[in-house]
Amino acid sequence: MSKKSIIAREAKREALVAKYAEKRAALKAAGDYAALDLLPKNASPVRLKNRCQLTGRPRGYMRYFGISRVVFRDMALNGKIPGVKKASW
């Protein structure tokens with residue numbers, strides 16, 4: 001489990017990206033890069049990091065499910081993800 005401060009920091013970045021999304025798009029379309037420089041750095045979507053929604057783990061993130069591989073395996077083995085079962089042949 002990640003530290004609460006790291007998870008909170010990432011949530012704050014997501015809010016900033018959403019807040020400035022339209023303004024960034026308009027400035028990029030206009031080609032006004034000087035004004036883009038004046039926006040907060042954390043308003044850039046490139047600075048976002050995919051993290052597990054349950055634990056905050058940054059590595060082994062599965063985009064389709066929004067969780068890490070560790071949590072995915074636990075949930076799949078417990079039958080909490082419909083349509084997913086352990087392979088055997």
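Reader: How many salt bridges does the count between domain 1 and domain 2 give?

Author: The count is 0 salt bridges between domain 1 and domain 2, a salt bridge being a side-chain nitrogen of Lys or Arg within 4 Å of a carboxyl oxygen of Asp or Glu. This is a predicted model, in which local features need pLDDT of at least 70, side-chain atom pairs count only at pLDDT 80 or more, and totals for chains, interfaces and linings use all residues. Residues are numbered from 1 along each chain as its sequence is written, and side-chain values use heavy atoms, with hydrogens and water left out.

Reader: What are the bounds of domain 1 and domain 2?

Author: Domain 1 covers 1–49 and domain 2 covers 51–88; such bounds come from an automatic or database domain assignment. Their centres, taken over C-alpha atoms, are separated by 27 Å.

Reader: What area do domain 1 and domain 2 bury between them?

Author: About 480 Å² is buried, 55% of it on carbon and sulfur atoms. Buried area is the accessible area (1.4 Å probe) that two parts lose on being put together, summed over both. M1, S2 and K49 supply 68% of the area that domain 1 buries against domain 2, more than any other three residues.

Reader: Why is E10 called buried?

Author: Buried means under 20% relative accessible area, exposed over 50%, partly exposed in between (1.4 Å probe, protein chains only). E10 has a relative accessible area of 5%, and is therefore buried.

Reader: Which residues does E10 touch, not counting those up to four places away in sequence?

Author: E10 touches R47, L48, K49 and R51, where contact means heavy atoms within 4.5 Å.
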